[in-house]
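Here is my note on the model you sent. Please keep the structure open as you read and find each residue as it comes up.

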Amino acid sequence: MLNSSHKIAQVSEGSPADRAGLIPGDIITKINNVELVDIFDYHYYSDDADITVELLHEDGTTSSVFVEKEEGEDLGVIFCNGLMDDYKSCSNKCAFCFIDQMPPGMRETLYFKDDDTRLSFLQGNYVTLTNMKMADLDRIIAYKLGPINISVHATNPELRVKLLHNRFAGDILDKIRKLYEAEIPMNAQVVSCPGLNDGPELDRTISDLMEFAPVMSSMSVVPVGVTKFRDGLFPLRTYTPEEAGKVIDQIEHWQQIAMERFGNHFVQASDEWYILAGRPLPEADRYDGFIQLENGVGMLRLLHEEVLDALEDIKKPLFMKKRHVTIATGKLAAPFMRQLADLITEKFNRVTVDVVAITNEFFGEEITVSGLITGQDLIKQLSNRELGDSLLLSCTMLRSGEEVFLDDITLSELESALQVKTRIVQSDGRDLVYAIIGH
């Protein structure tokens, strides 16, 4: 059966595919007489030198094309569907699922729960492996794919079944062991929920996963996020500052054990724990190269280090106009951003920086991260303020690759409502310094 997901969208000029005459609209059906299932099959079989590609053209005709190329050379095509296959939706109903806590009426794509293991390799997504059978793992092993990022949450089989609300979720250690024995690189994640998978259960999970080091190179622990839209869902609450401190102590205890065994810290607490507990962030070398940045582990420490480096490199202009900017951020990061702003204005003393902590009225006040701030909350809470020459916002507030907030308000609509020029700051300390000084 032909798959329209295999249709070519673009052919790179001068590429092996271009030289062989492949064009947009062609559908690749086979490579070297092997039918392709998805993008992994394509990369695996197109990696060979001098391949034969079978095509279905838009006019319904077929052809077989010999493509001259070097081994490992990219064929040079981009497909209409990045996976060359349908995306696999999540078969779990996790007690802590954030998508289940979304308000009604938002764009449809925000409600799609993906748990497609292929996106772990392609985009770094964390996946539960509940959609995968052992035969699927065999394909990962055969293709030597990695790293794979795994949402573990608990290694206790009964508890994991309960957390994911999936009767097939209890075999996680068997799947991890299979990947471990094949030396497929892995990272792990735990979303910690009060009274469920923390305390002794978290000890058990860390201990179990540490047995797979160094093939499993890191593990992060992040606190559950709870919105105001939880009617009919599993009863959950957020952590108190005292409880956050206990989780940090627990993780740091295991870090000491890991350092003695492996020479790295293995398990990391996300930045939220330290801010919630009112504790200073760990020093930079505690993060083992910042492996788990995507889970909010070490992002603030890295930002601090990058700001310090930038302040050393960037020369203060001899003449500098007075400048006033406003940084709008989540309540969680606001105190830290004030510290960074003070560091920057200490050197560039003609600049004034206001840091505004935005209360998340859209999702609920217990959601304090910047990445979930909506356009309407920004407009409502900033409309009566003097914002100065520029409003600085984190790129995490916008949908990837677009100038749109989670509530579909566009960046231009925000600027029009607030009557201020807005600059989107990348997750990089140097860009933050440049944005503040107006570079």
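1. Ground rules. The model is predicted, so local features need pLDDT of at least 70 and side-chain atom pairs count only at pLDDT 80 or more, while totals for chains, interfaces and linings use all residues. Residues are numbered from 1 along each chain as its sequence is written, and side-chain values use heavy atoms, with hydrogens and water left out.

2. Helices H7 and H8. Look for H7 at residues 200-210 and H8 at residues 241-262. Helices and strands here are DSSP runs, numbered from the N terminus (H or I, at least four residues; E for strands, at least two). The two helices pack at an angle of about 20°, and their axes are 11 Å apart. That angle makes H7 roughly parallel to H8. Axes are lines fitted to C-alpha atoms over the stretch in contact, and angles run from 0 to 180 degrees between N-to-C directions. Angles under 35 degrees count as roughly parallel, over 145 as roughly antiparallel, 65 to 115 as roughly perpendicular and the rest as oblique.

3. What joins H7 to H8. On H7, the contact uses Leu202, Asp203, Ile206, Ser207 and Met210. On H8, Val247, Gln250, Trp254, Ile257, Ala258, Arg261 and Phe262 take part. Contact means heavy atoms within 4.5 Å. These residues divide into 8 nonpolar, 2 polar and 2 charged. For the classes: Ala, Val, Leu, Ile, Met, Phe, Trp, Tyr, Cys and Pro count as nonpolar, Asp, Glu, Lys and Arg as charged, and the others, Gly among them, as polar.

4. Helices H10 and H11. H11 spans residues 334-347 and packs with H10 at an angle of about 5°. Their axes are 11 Å apart. H10 and H11 are therefore roughly parallel to each other. H10 brings Leu300, Leu303, His304, Val307, Leu308 and Leu311 to the contact. H11 brings Phe336, Met337, Leu340, Leu343, Ile344 and Lys347.

5. Asp431. Buried means under 20%, exposed over 50%, and partly exposed in between (1.4 Å probe, protein chains only). A polar atom of the Asp431 side chain lies 2.8 Å from the backbone nitrogen of Gln426. Leaving out residues up to four places away in sequence, Asp431 touches Arg423, Ile424, Val425 and Gln426.

6. Tyr44. This residue sits in helix H2 (residues 39-46). Tyr44 counts as partly exposed, at 39% relative accessibility. Residues up to four places away aside, Tyr44 touches Ala142 and Tyr143. Pro147 is 103 residues from Tyr44 along the chain, and their C-alpha atoms are separated by 16 Å.

7. Backbone points to check. Most residues other than glycine have a negative phi, and most peptide bonds are trans. Asn32 has a positive phi, near 50°. Asn32 lies in the loop between strands E2 (27-31) and E3 (34-35), and is partly exposed at 30%. Phe290 also has a positive phi, near 60°. Its loop runs between H9 (271-277) and H10 (299-313), and Phe290 is buried at 17%. Finally, the peptide bond from Ala213 to Pro214 is cis, with omega near 0°. Pro214 is in the loop between H7 and strand E10 (216-223).

How values were computed
A polar contact is a pair of N or O atoms within 3.5 Å; within protein, one must be able to donate a hydrogen and the other to accept it, and residues adjacent in sequence count only if both atoms are side-chain atoms.
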